[in-house]
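Please walk through this chain with the model open beside the text. The paragraphs below go from definitions to domains, then to the core and to single helices and loops.

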Amino acid sequence: MALSDEPAAGGPEEEAEDETLAFGAALEAFGESAETRALLGRLREVHGGGAEREVALERFRVIMDKYQEQPHLLDPHLEWMMNLLLDIVQDQTSPASLVHLAFKFLYIITKVRGYKTFLRLFPHEVADVEPVLDLVTIQNPKDHEAWETRYMLLLWLSVTCLIPFDFSRLDGNLLTQPGQARMSIMDRILQIAESYLIVSDKARDAAAVLVSRFITRPDVKQSKMAEFLDWSLCNLARSSFQTMQGVITMDGTLQALAQIFKHGKREDCLPYAATVLRCLDGCRLPESNQTLLRKLGVKLVQRLGLTFLKPKVAAWRYQRGCRSLAANLQLLTQGQSEQKPLILTEDDDEDDDVPEGVERVIEQLLVGLKDKDTVVRWSAAKGIGRMAGRLPRALADDVVGSVLDCFSFQETDKAWHGGCLALAELGRRGLLLPSRLVDVVAVILKALTYDEKRGACSVGTNVRDAACYVCWAFARAYEPQELKPFVTAISSALVIAAVFDRDINCRRAASAAFQENVGRQGTFPHGIDILTTADYFAVGNRSNCFLVISVFIAGFPEYTQPMIDHLVTMKISHWDGVIRELAARALHNLAQQAPEFSATQVFPRLLSMTLSPDLHMRHGSILACAEVAYALYKLAAQENRPVTDHLDEQAVQGLKQIHQQLYDRQLYRGLGGQLMRQAVCVLIEKLSLSKMPFRGDTVIDGWQWLINDTLRHLHLISSHSRQQMKDAAVSALAALCSEYYMKEPGEADPAIQETGFYCIGQAGIELLTSGDPPASASQSSGITEELITQYLAELRNPEEMTRCGFSLALGALPGFLLKGRLQQVLTGLRAVTHTSPEDVSFAESRRDGLKAIARICQTVGVKAGAPDEAVCGENVSQIYCALLGCMDDYTTDSRGDVGTWVRKAAMTSLMDLTLLLARSQPELIEAHTCERIMCCVAQQASEKIDRFRAHAASVFLTLLHFDSPPIPHVPHRGELEKLFPRSDVASVNWSAPSQAFPRITQLLGLPTYRYHVLLGLVVSLGGLTESTIRHSTQSLFEYMKGIQSDPQALGSFSGTLLQIFEDNLLNERVSVPLLKTLDHVLTHGCFDIFTTEEDHPFAVKLLALCKKEIKNSKDIQKLLSGIAVFCEMVQFPGDVRRQALLQLCLLLCHRFPLIRKTTASQVYETLLTYSDVVGADVLDEVVTVLSDTAWDAELAVVREQRNRLCDLLGVPRPQLVPQPGAC
């Protein structure tokens, strides 16, 4: 198995992107060509509006959006798509709605492919200028529905401005009448452009493109450039970025100016550059909170700077010879490297004067590198690179020095990020000379690990990502011999970032940079081997990086110590607790690669950090000490040596003193105490497993006190870390007892009795054992008695979390401590799992009690005739009774169905105990017990919670298919194995309702399982999840359809249904879903066979149960469901029908108006559905009363109409019963 394929538990961030990345570039051609052609051909038919138009537009949008990542695939098809749409636009008979629709389609294409590519395809003959100009002129800038039309027309007009003819030739005779002149085309275009530069929609961007193409024309720039620039600068001076309109105006103007100075000739723009720069300074754009304005300001500033400087290629720049990856790799395989001397020529223009505006431009760009938004910093970095390429060598070096000033720890993370982007740009352009690499590499190595804590999190992800980009750029920019002195440092830093960075994007960026350096430079040690393991996708899983890939890379000695140093220096004290824990576990793995270095260099550093005032450093260092010590023990154990062969006496003493030092400094208290307790519990576990020579030492008493105190005060620990704390304390207890409380296998150490152990009372710390030590172990209860007695007493604690902790603690005790006390322990745990009125909400304690019982059973095993030492015939029935009793725990509170936790633990415990008995003494599994287990689990497998249903199905199938040996007394084993063959176990997704319910409903045909499976299905049918209701209903109907021809089966099914109703009368969890289920089955005619018999027993009993269920109820949902059932019961002839109608009449005068209205509505529908219920002579009158009466009116009014209905329906009028005590 490849290392990257090994499973490792990771956070949610690790799996999210892989699928998208795998399929993001999977398209090979534009596959919807025919559909698109048909879609465009139908525009004339669907343009009128309505659903067809929206469907066509949305479908085209969906097709185009598929190619956002690969828009070049559209290139061969752009021309015919544009021609089809422009034919509509240029057709004089096309209505305005059709033209607007065509431009919407054009905009969607432009959005995907980009306007620069699409623009070239627009017709741009001389004959197109005036028609397009006329189309733009007639547009209404305030029409928000047609902004795409204006946007595309302005882009089209910008293309027509490129015709190589003077615009004045198109004007003809401007004097149409004496004294009245038409505007020239030049003036009309300028007027349109200026008007659209200040609109609030997308047309503003197109207007800026139009201006840049128009103003820079040879015939326009002479007469209009100065005028337009004056207009633009006046707009900027008058506008304020404090107002919305001001922001819009400045945005359009800045876009236009930036485009002009980009596309215009330098000699044309240079006379105005200084004036524009002064005006821009006056706008104070860096103070604006509008990101786009600051970005456009930086963009314009750099364009002005490039205008000041002559366009040239710097002769002094660094030039790498061959940049071909293939050629470079070929040279490497031949044992050669490309050696071409670098020739730095003196700048021919060193004496040229640099315009004074350049310094101001560079200063503003350097400020832009520190902007708070990435897009601004990126634009400034590109500006720095472009400017430096036109500067003399000395000035360019000064710019590099100024960029390096960003890498000060007085600067913010924004400055570091901007500095990295600028260095990458300078390196890519050859403007970062090798003489500067010493300084640059030093700051880049710092940037690769930049992580500044801010409150509860940190900043620096973008800095590390940009630093990887710098390393990537350097790989392409420099010859291998230039970077050779820095290979060791850069390769180690990139490997560390790729494996140990917290953020997935940084790990992937580092992996990509490492790959680029391996390919371009060819000097990174073991580059190909590392790349095959730490590729782009493998580093996506954080746990896999820390625990698997790191071990492989650390196998290369060049990387081992740097990786360990990084973990100790940076990750052990990281702000994220998950990273600290992963770092400690990684040190455990790496310590086995470098044991001598870990024992002599790393361990003393970690011990000194355990006393740090920084909480995170203390926590991480204690975890790391535990993991490294355990790793060294495992190495020593392989050679049958003690761990002290690796750790000297000072290190052992340091480990022993950690707990006392923390206790003396009161560091177990407060919020930080949670982390310290968890870390020291891990330390106790690992040192116990490492067999540290502490037997009989007082430190054991301190450790025992810490575990007990932690378990006792779990309720004071924050909820998000409570489970982790509980698990750590229980694991520590198990390891501590196994190592230090056992004299020989199976026997407790009597010497422990003399030291006792600590517990916390209200008065503080006190020794449980005091006075003279006992004469012998046989005369004293010893540690076993005291420990178990104390823990059993805590099971009655009024705090739920305390019960949880000590339940699990009892479950974790080794077998020798339970010997002789097993019955007492099981009795205490059974009491925890029992639900009583005062602790009905303690679902978590019941769950943990069940887990403890199952774990104890696994620990002590099965042994005949020893009820105080193992599971046997004398106690197994009591254990099963406790576990099965919890299968009916449906406790709910503000968190929802918390009983789910108990039922899940009960099922798991039942499975574990049953498999344990089946392996050793299957005769202890009685037939009625096995039947109850299988029925209860089958019921849970048919209920409504998906993940819980899947767990129940897994338990059911495990018990069914267990064959070493098979579980005895499984009811209907043969039928079950046919219904659930072993081959289908892995293929069925039981959490999917569509797969689970069709299979589980087959159990309704087995009498033993029918009651419990139907009870679970009833709850599912009456649930809230649409998919669960749909598939459970369909499955039940399919089953009932199959038994319609079998009266006996149908009668048995109906009897079971009524029995469930009777057993769960007034049980809201079951009765309301059951009423909904009855409504479904009666509506679909599942019991039509019973309607042929008058007063069928099923109908009579069902009616009686329904009356009892809704009597005096105030539950709206129950009443509404009851109304539906009563309405369906009118199809049963005889007295049942009359009683059902009477109940409906009673509900017509219910105290709740909603119930009265709903009853009237449903009775109306029922009477129309079952026409034989009421005589034809009174049906019209009954329907009229039901429909015309305002049933939400006063009861006195409603009662009169209700009584009239009773007379018409032939049922007695209900009589008012006087309230007791009423006058």
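Buried means under 20% relative accessible area, exposed means over 50%, and partly exposed is in between, using a 1.4 Å probe and protein chains only. By that rule V680 is buried, because its relative accessible area is 0%. This is a predicted model, in which local features need pLDDT of at least 70 and side-chain atom pairs count only at pLDDT 80 or more, while totals for chains, interfaces and linings use all residues. Residues are numbered from 1 along each chain as its sequence is written, and side-chain values use heavy atoms, with hydrogens and water left out.

The chain is divided into domain 1 (31-121), domain 2 (123-144 + 161-169 + 182-284), domain 3 (433-540) and domain 4 (1045-1209). These bounds come from an automatic or database domain assignment. Taken over C-alpha atoms, the centres of domain 1 and domain 3 are 44 Å apart.

Helices (H or I, at least four residues) and strands (E, at least two) are DSSP runs, numbered from the N terminus. Helix α10 (residues 185-196) contains Y196. Y196 counts as buried because its relative accessible area is 4%. Contact means heavy atoms within 4.5 Å. Not counting residues up to four places away in sequence, Y196 touches V136, Q139, P141, R150, L154, A203, R204 and A207. H616 is 420 residues from Y196 along the chain, and their C-alpha atoms are separated by 57 Å.

In soluble globular proteins, nonpolar side chains tend to be buried together. A nonpolar core here is a set of buried Ala, Val, Leu, Ile, Met, Phe, Trp, Tyr and Cys residues joined through side-chain atoms within 4.5 Å. The largest such core has 406 residues, and L655 and Y1009 have the most contacts inside it. Helix α31 (residues 615-638) supplies the largest share of this core, 12 residues.

What does L655 touch, not counting residues up to four places away in sequence? Its contacts are F603, L607, C625, A629, L647, L683, L687 and M692. L655 is one of the buried residues of α32, together with A651, V652, G654, K656, I658, H659 and L662. These buried residues pack against α30 (595-609), α31, α33 (670-689) and α34 (698-712).

Helix α32 (residues 649-664) has 16 residues and reaches 22 Å from its first C-alpha to its last, close to the 22 Å expected at 1.5 Å a residue. The expected span is 1.5 Å times one less than the number of residues. A kink of about 40° in α32 is centred on Q657, where the bend at a residue is the angle between axes fitted to the seven residues ending there and the seven starting there. Just after α32, Q666 takes a positive phi of about 60°.

V680 lies in α33. Leaving aside neighbours within four places in sequence, V680 is in contact with I622, L662, Y668 and L706. V680 and M186 are 494 residues apart in sequence and 81 Å apart in space, C-alpha to C-alpha.

Further along, Q823 lies in helix α40 (residues 822-833). Q823 is partly exposed, because its relative accessible area is 22%. Not counting residues up to four places away in sequence, Q823 touches P867, D868, N875 and Q878.

An unreviewed UniProt entry carries the annotation "domain: Tubulin-folding cofactor D C-terminal" for residues 932-1118. UniProt positions are given in the numbering used here, feature names are shortened, and annotations may be inferred rather than shown by experiment. In the model, the span 932-1118 is 65% helix and 0% strand, and its end C-alpha atoms lie 31 Å apart.

Most residues other than glycine have a negative phi, and most peptide bonds are trans. The peptide bond from S964 to P965 is cis, with omega near -5°, and P965 is found in the loop between α45 (946-961) and α46 (973-979). H969 is found in the loop between α45 and α46 and has a positive phi of about 65°. H972 also lies in that loop, with phi near 55°.
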